[in-house]
Amino acid sequence: SAPRALARRLVVDVHTHLYPEAYVELLKSRTEIPYIRRFPPSNQLCLCNRPPQNSNSSSTSTTSKTPPGRILHPHYYDISEKIAFMDHHKIDISVISLGNPWLDFLPSDTAGATAKDINDATNTICNQHPTRLFFFGALPLSAPEPTILAEITRLKTTTQARGIVMGTSSLGSGLDDPALLPIFAALAASDMPIFLHPNYGLPGPVWGPRGSDYGQVLPLSLGFPMETTIAVTRLFLSGAFDAVPGLQIIVAHSGGCLPFLAGRVEACIEHDGKWERDGKLVPERKTLWDALRRNIYLDGVIFDKVGLRTAIEAAGVDRVMFGTDHPFFAPLDGGKTFPAMTVNRDAVKGVFPGDEEEGYDLVMGGNASHVFILSVFRQTGPKMF
Ligand code: URA
Ligand code: ZN
């Protein structure tokens, strides 16, 4: 149909962050990580959003010449920078998400009101460009369950929310926590996928005493994706996809190692005496491969065609969606063109090298347009699949 053909040509970025000003103010008021503060003698505000991963890291010192964290460039909070980035890189639509660590650190009694403020502010920001900006809402996961459920219901009434963003700690105990099931059920019933994103990495000692010699490379390239891989595997092993078959989860960084390791996870299940004794090795068992094809979407933020091809083979060409991770991975020279856009786009091109390849359009925007019912087609009828 015509809408489908049009939608396929769109470029949609499903992994792109914004810290709205209300969130920046919240971090400025804090004295523990996550926080935003100055580190004299520098006068620049720095965003410290996650604990330093390396025990000997210079970022543990507050008097170092290199301020810890990241300089709070306006592209972290100013939506006009996001739009300029989209225009420069020919991105039609962005589904923005609050950056890590979201609302994970809030006390239980204020989380609900803060979530409402931040989500409403984000919806208002998106409504400045209502055909180009949508968002994943942040849930008050430290609040009591009725507060979390109420925010899901409320998000559904906003014009621009298309799902929610969640970290791997979720309610505090990870994604295999049975207390999450009512939340998963509410999200599935409201057609709200979860965008799952890492923040916490792996325990610092795994990087060894020389970890900080390599800057952020080990925790960012390996710690982040391993955190996500472990989280999704625990989610799968818990049976959550059986309990809530409609649960949909978009896994950051092409699912980490999940596409590569799914076969090994399956082999370990099939050879596990406990699984057999528990009567769980039945022929109709939903496998991790089944979950990858029915419940899991993978973003395309993997920076090479080898990883991207594996993601597409594991989840299917209709379940991988382009992303940039803007404003992280900004060019070191301050330039306008982000390799995080061009390298990830070239990876898609590398997997689909032909001129008329449908797969390229699906990954670059067609899939996201359908899954999130983006732009004008939202009003035209029910979901196409
Ligand atoms: N570093 C972060 O803290 N978050 C991202 O999304 C990417 C890099
Ligand atoms: Zn990200």
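Which residues of helix α3 (residues 79-88) are buried? Before I answer, please keep in mind that this is a predicted model, in which local features need pLDDT of at least 70 and side-chain atom pairs count only at pLDDT 80 or more, while totals for chains, interfaces and linings use all residues. Residues are numbered from 1 along each chain as its sequence is written, chains are lettered from A and ligands numbered from 1 in the order in which they are written, and side-chain values use heavy atoms, with hydrogens and water left out.

The buried residues of α3 are I79, K82, I83, F85 and M86, where buried means under 20% relative accessible area with a 1.4 Å probe and protein chains only, and helices are DSSP runs of H or I with at least four residues, as strands are runs of E with at least two. Seen down the helix axis, these residues fall within an arc of 160 degrees, so they line one face of α3; the arc is that of the directions from the axis to the C-beta atoms. Their cover includes β1, β5 (93-98), α4 (108-126) and β6 (133-138), with contact meaning heavy atoms within 4.5 Å.

Turning to the sheet, 8 strands form an open, parallel arrangement in the order β1-β5-β6-β7-β8-β9-β10-β11, two strands being paired if DSSP finds at least two bridges between them. Its edge strands are β1 (12-18) and β11 (320-321), each pairing on one side only.

Notes. Buried means under 20% relative accessible area, exposed over 50%, partly exposed in between (1.4 Å probe, protein chains only).
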